[in-house]
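Colleague: I want to know what each label on this model rests on. Walk me through the terms, please.

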Amino acid sequence: IEHKRDEEALRISQQQLARELEDMRLLHQTSAQLIYQDDPQALYEKILDAAVGLHRAEFASIQMLYPKRGDNGGLRLLAYRGYTPEGAAAWEWISADHVTTCGMALRTGKRCTVRDVESCDWLAGTKDVAFYRQSGVRSLQSTPLISRSGKKLGMISTGWKSVHEPSQRDLRLLDLLARQAADVIERKL
């Protein structure tokens, strides 16, 4: 019995190690591709591909902050994955007072995670819940893109079709990608 438990623990450990290696390769490849890519849209697409891969997400978006738009600036959608065209159109511009994870993260300057859009108090009754339902989004997170000097540059978000809470490990990996994305956006400004 003890031998079987040891074998199972070893198998799980090997699976975790394989996933870690896969994710590190993805981050490394993305970093290398971003260095040599001059087309901004292609850069955004590569960043989203990496975000989807790291989070095993069905949805993703990247937005750039336009600081002079409105009181606290506005986020403009640059690229997305998985959303319906209606959802993408509704979220083309997000302000800090918009009741979405992006709006909340823009207001607070911190990551915003919603485990279940159906049970989130501050989303209840908003028009965005209808867009989430229509797109099939059940949970999501938005992470601010911050320059090395501390300037807000944009947002990267991922979402899932089922109730989900990203692990601390997955969030740390996304933070590494967000750092790369912020550097790319800052270079393009």
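Modeller: Start with helices and strands: they are DSSP runs, helices (H or I) of at least four residues and strands (E) of at least two, numbered from the N terminus. On that basis the chain has six helices and six strands. Their order along the sequence is α-α-β-β-α-β-α-β-α-β-β-α. This is a predicted model: local features need pLDDT of at least 70, side-chain atom pairs count only at pLDDT 80 or more, and totals for chains, interfaces and linings use all residues. Residues are numbered from 1 along each chain as its sequence is written, and side-chain values use heavy atoms, leaving out hydrogens and water.

Colleague: What makes the radius of gyration of the chain agree with a compact globule?

Modeller: The radius is taken over C-alpha atoms, and the globule rule is 2.2 Å times the number of residues to the power 0.38. For 189 residues the rule gives a value near 16 Å; the chain has 18 Å, so the two agree. The C-alpha trace spans about 65 × 45 × 30 Å along its principal axes.

Colleague: Why is the pair of Phe 59 and Tyr 83 called stacked?

Modeller: Rings of Phe, Tyr and Trp (its six-membered ring) pair if their centres lie within 6.5 Å; planes under 30 degrees apart count as stacked, over 60 as edge-to-face and the rest as tilted. The structure holds six aromatic pairs. In this one the centres are 5.5 Å apart and the planes at 20°, so Phe 59 and Tyr 83 are stacked. Phe 59 lies in strand E1 and Tyr 83 in the loop between strand E2 and helix H3, 24 residues apart.

Colleague: Are those two residues buried or exposed?

Modeller: Buried means under 20% relative accessible area, exposed over 50%, partly exposed in between (1.4 Å probe, protein chains only). Phe 59 has 2%, so Phe 59 is buried. Tyr 83 has 11%, so Tyr 83 is buried too. Of the 189 residues of the chain, 43% count as buried.

Colleague: What makes the pair of Tyr 66 and Trp 93 edge-to-face?

Modeller: The ring centres of Tyr 66 and Trp 93 are 5.2 Å apart and their planes stand at 65°, so the pair is edge-to-face. Tyr 66 is in strand E1 and Trp 93 in strand E3, 27 residues apart.
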